[in-house]
Structures are given as structure tokens and as C-alpha cells.
Amino acid sequence: QLHGKAALVTGSTSGIGLGIARKLAAQGADLMLNGFGDPTHIADLCGALSDEFGVRVDHNGADMSKPEQIEAMVAATEAEFGRLDILVNNAGIQHVAPVDAFPVERWDAVIAINLSAVFHGTRAALPGMKTRGWGRIINIASVHGLVASVNKAAYVAAKHGVIGLTKVTALETAESNITCNAICPGWVLTPLVQKQIDALAESKGLSVEEAGRELLSEKQPSKSFVTPDQLGELAVFLCSEAAGNMRGAALTMDGGWTAQ
Ligand code: NAD
């Protein structure tokens, strides 16, 4: 379905981004991965994806908190694959603290990586998509783009901002074959969430399994984690022609979190 197309997935050396990258590669898209990690591990990942799916896979180590590195990564992707058709703005970080104790430096980092990077990636990728007349921009927001939780001021503000930016991008491209939509996952068991589970286990004297169950039961009615594979399949759908007139949507996959 995506043969001949090229995708850039930010923050795809781990977690949800990697799950989405795998599903796009499985449909035949060439891939530019991005994110931090051990260089040998990343090189192995590129090789494994390329071997498994017969697509071209490379990695760009741009720091998503640096606008000029994001611009250079988009340019490098277009130079290497001759195109950039699918941009998945996924990279994200979390910091947990009450508003009046929130470290200013962490606020700035969360806003830069979770919100401003979406703007910088989008503005860099759109001109080429317009020239080629086709594009898909998929922003990984969160249930926290729709509702709030305590102690997540920067994250909730950034994710609400991502949903707003998704709508503006969708409106500005509404008469074209370029679409922009947001995906809003609930809890997904990735390193980002494992840290929160470990902190809960520590603070309440629970085992890691008990803390995981408690985390889910507080917010997620399904009491099971959403998986990177499930989110990847949703991203593949958004890349299909069937989704060609879905524009500016914020699609939840959250085990019922926001139905409550
Ligand atoms: P993760 O920690 O497993 O992966 C984050 C990825 O982003 C990694 O590849 C990491 O190297 C990369 N990254 C972090 N900072 C970066 C930077 N400055 N520059 C470049 N790359 C950077 O996290 P995840 O849980 O897979 O989260 C991915 C996205 O999904 C985030 O936007 C997150 O907010 C969102 N999300 C996650 C959950 C969840 O429950 N895990 C729920 C809703 C939304």
C-alpha cells in the first residue's frame, strides 16, 4: 500500500514511534528513523527493519528540541529518498511535578520537544508535500491533549497545543491531498510510562506489577495497555486513500479513558 513512499517518524528508536515505523515499513514505505540511543543498537534496528520488510531504512539523530536540526533532518530525508510523504511527529518526553514546583527548564524542554517540534517538522515538510501533491502528517498527541491529569502541566499544555496545531494544519491543507490528524493514545507500556510505574511502585511500596495495575485502573477502563502495534495500524489507516478526507481529527485509542 505504501510502496514508493517515504516516511519520517520522530522518536522512533523506542516505544510508540518504533511500533508505527514497523507498520509503515510493513506496508512498503522507506523509513527515516529518529531518536536517541546506542549507535550500534540503532544500526542493528535499521538493518533488521530493512531485511524484514525490504525497504530502505536510515536514522537521523536530530535533537527535536533544536529547530535547525529538525529542518536539516527533513532536508536530509528528502535528499536521501527523493521525497517525504509521511511525517509522524511522535517524539515526546514527560515530567511530573505540581505547577508551583515545576522546574522551568523542564517546562521549556517539554514544550520544545512535544509541541514546538511538531510545528518545526510540519513547516519543513509541507512545501515538498505540496509540490508532490500528496502527504500525510500524523501527530502523536495523547488523551492529555483532550483531558488533564494532575502534575502534568507542561505535557497537558503541549498536547492540547498539538491538537490545536493539527486542526490549523488540516484547514490550511483542506483542499489538497495532504491530511493532518492527531492520534490520542491512553496508557501504552513504553519506557516513558515504565518510569511512572516505577515511581508509583517506589512511593506506595508496591511491586512493579501491582503498580502497573494501579496505574491502569485509575484511568483506563479496559485495564489493559494500548500497544504500539495497534497505534501503528491506525497510522497505516490514516495513510490510506480511505482516510483521504479525514482532516483535523483527534482520534482516541485509549481503552475508554476519555469515554468516562
Ligand atoms: P519513549 O520514551 O518510549 O520514546 C520516545 C522517543 O523519543 C525515543 O525514541 C527517544 O529517543 C525520542 N526522543 C526523546 N527526546 C528526544 C529529542 N530531544 N530528540 C529526538 N528524539 C527524542 O516514549 P513513548 O511512550 O513511545 O512516547 C512517544 C509519543 O507518544 C510521545 O509523544 C508521548 O507523549 C506519546 N504518548 C505516549 C503514551 C504512553 O502511554 N506511552 C500515551 C500517550 C501519548
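Tutor: Start with pairing: two strands pair if DSSP finds at least two bridges between them. Strands (E, at least two residues) and helices (H or I, at least four) are DSSP runs, numbered from the N terminus. Here, strand β2 (residues 30–34) pairs with β3 in the parallel sense, over four bridges. Within that pair, Asn34 stands opposite Asn60 in β3.

Student: How should I read the residue numbers, and what kind of model is this?
Tutor: Numbers run from 1 along each chain as its sequence is written. The model is predicted, so local features need pLDDT of at least 70 and side-chain atom pairs count only at pLDDT 80 or more, while totals for chains, interfaces and linings use all residues.

Student: In what order do the seven strands form the open sheet?
Tutor: The order is β3-β2-β1-β4-β5-β6-β7, with parallel pairing. β3 (57–60) and β7 (250–253) are at the edges with a single partner strand each, so one side of each has no neighbour in the sheet.

Student: Which strands does helix α4 touch?
Tutor: For contact, the C-beta atoms of two residues, placed from the backbone, must lie within 7 Å. Helix α4 (residues 104–132) packs on the sheet and touches β4 (86–89), β5 (135–140) and β6 (178–185). For angles, axes are lines fitted to C-alpha atoms, for helices over the stretch in contact, and values run from 0 to 180 degrees between N-to-C directions. The direction of α4 makes about 175° with that of β4.

Student: What span should helix α2 have?
Tutor: The expected span is 1.5 Å times one less than the number of residues. The 15 residues of α2 (residues 39–53) should therefore span 21 Å, and the end C-alpha atoms are 21 Å apart, which agrees. Just after α2, Gly54 takes a positive phi of about 65°.

Student: How many residues surround the ligand?
Tutor: A residue is near a molecule if its C-beta atom, placed from the backbone, lies within 6 Å of it. 29 residues surround the ligand, and Gly11, Gly15, Gly35, Gly92 and Thr190 are the closest.

Student: And where are the domains?
Tutor: Bounds come from an automatic or database domain assignment. That gives domain 1 (6–186 + 226–254) and domain 2 (188–225). Their centres, taken over C-alpha atoms, are separated by 25 Å. In contact are 11 residues of domain 1 and seven of domain 2.
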